[in-house]
Amino acid sequence: MAGVESDSMTEFFMNHTANDIPAEREPIIIAFNMNLAEALKFLSDSWIRACPVQSEDKKSFEGTLDLREACPFLIEMYKEKKALTRTGSLRREPSSEMAQKLAQVKNLVEYINVVGSKSTLADLARKRTFHILKPTATLVDIAKALSSGSHIVGVTGGPESTGGLSKVITQGALFKFLVPHLQAASVPVHQLMRTPVVAVSSRTTALKSFEILVRKGISGLPVVDKDGAIIHNTSTSDVKILMTANVDDGELSIDSSIEDFLVKLRSRKPSLKTKVPVATCAQTDEVSSVVNKLIKTGFHRVWVVDKKKKPIGVISISDLFRFIVQLAPAGEPGAVVASYGGDPAGPYPTAADDAAAAREQDRQCVGCAAM
């Protein structure tokens, strides 16, 4: 990247703050005592990936309810419901009243509401850190928080009714604000992409694919054909259909192949029918090209492919944020006011820590699924 261009970007990142990012909506907060199944359904119905969960005192937070934590929970409950349908077995002997209710259950949310679960809303929220920043936190501070495992961060300065939050900044909101400057970045893709890539065959079941996401702690997978060429993309967001779909009627079964599942899933919503199944680029492309594809598709990642369309790397919005953190100097001292859930007592991760963790995660994923 040219020196003048780099200096201009750095100046923009350092001179703009959380105050400058437009609020997408009023802060949405989930109460600590909300039913877990209903809270997950709320995320799905609201088309949001994550939401802060407020503590009982309404002055602090448990953490973040995130679809990534919902994924293993929903898979576990799906397997339990499937076993009940097949064998009639349950964790405990159902009462006659429960048995009657179970006979009328049509989807996973209804099932969880009837039988309950071992996990609570607070349990899931505490798995994902919720960082709260000052209004004067720079874009670098925000990018740092949103590239370290969080989809959202809070900003102080709001009323008690919103837990003191003036706004919640999502990865998407920060990305939109940065787009004009990221489009000007003349950086080749191979400098930012993460490798290697975990891929699943189109013949792999959707259930197995989602289990790989959970086991490897990743949020997206490319789906490849018999030649290893990429044909689809799946992510933890696709799992949320389990909450409301009738999983017993065969209409949208995660026991079918991941390809069949995704095709049927995309056909259920008009807005998804015309959406491209996957976004790709070459490692010789520039980052500006990746940014444009992220804007057009609404995806959170673009897969880097070779000449045979085989996935060899990936660039996500989080990777672009890490690029910003590496490019710019340290942000506002004390920008993070509080951290809830996750490991708030631990050190706030640096960009180098994040990059090293991502590389190690990808290294361990090699060969986890047959091509």
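Is Ile75 buried or exposed, and what is its relative accessible area? Keep that in mind as you look through these close-ups of a predicted model, in which local features need pLDDT of at least 70, side-chain atom pairs count only at pLDDT 80 or more, and totals for chains, interfaces and linings use all residues. Residues are numbered from 1 along each chain as its sequence is written, and side-chain values use heavy atoms, with hydrogens and water left out.

**View 1. Ile75 in helix α3.**
Ile75 sits in α3, which runs over residues 67-87 (helices are DSSP runs of H or I with at least four residues, strands are runs of E with at least two, and both are numbered from the N terminus). Ile75 is buried, with a relative accessible area of 5% (buried means under 20%, exposed over 50% and partly exposed in between, using a 1.4 Å probe and protein chains only). Beyond its neighbours within four places in sequence, Ile75 is in contact with Leu207, Phe210, Glu211 and Val214 (contact means heavy atoms within 4.5 Å). Look for Phe210 here: 135 residues separate it from Ile75 along the chain, while their C-alpha atoms are 7.9 Å apart.

Gly217 lies 149 residues from Arg68 in sequence, with 8.5 Å between the two C-alpha atoms.

**View 2. Ser60 in a loop.**
Here you can find Ser60 in the loop between β2 and β3 (61-66). Ser60 is buried because its relative accessible area is 16%. The side chains of Ser60 and Asp57 make a polar contact at 3.2 Å (a pair of N or O atoms within 3.5 Å, one able to donate a hydrogen and the other to accept it; residues adjacent in sequence count only if both atoms are side-chain atoms).

**View 3. The lining of the largest pocket.**
Of the 48 residues lining the largest pocket, Trp47, Arg49, Lys240, Gly298 and His300 lie nearest its centre (a pocket is an open set of points on a 1 Å grid over the protein atoms alone, where a 1.4 Å probe fits and protein lies on both sides within 12 Å along at least five of seven lines; lining residues have an atom within 4 Å of a point). Elements that each supply at least two lining residues include α2 (36-46), β6 (165-170) and α12 (287-297).
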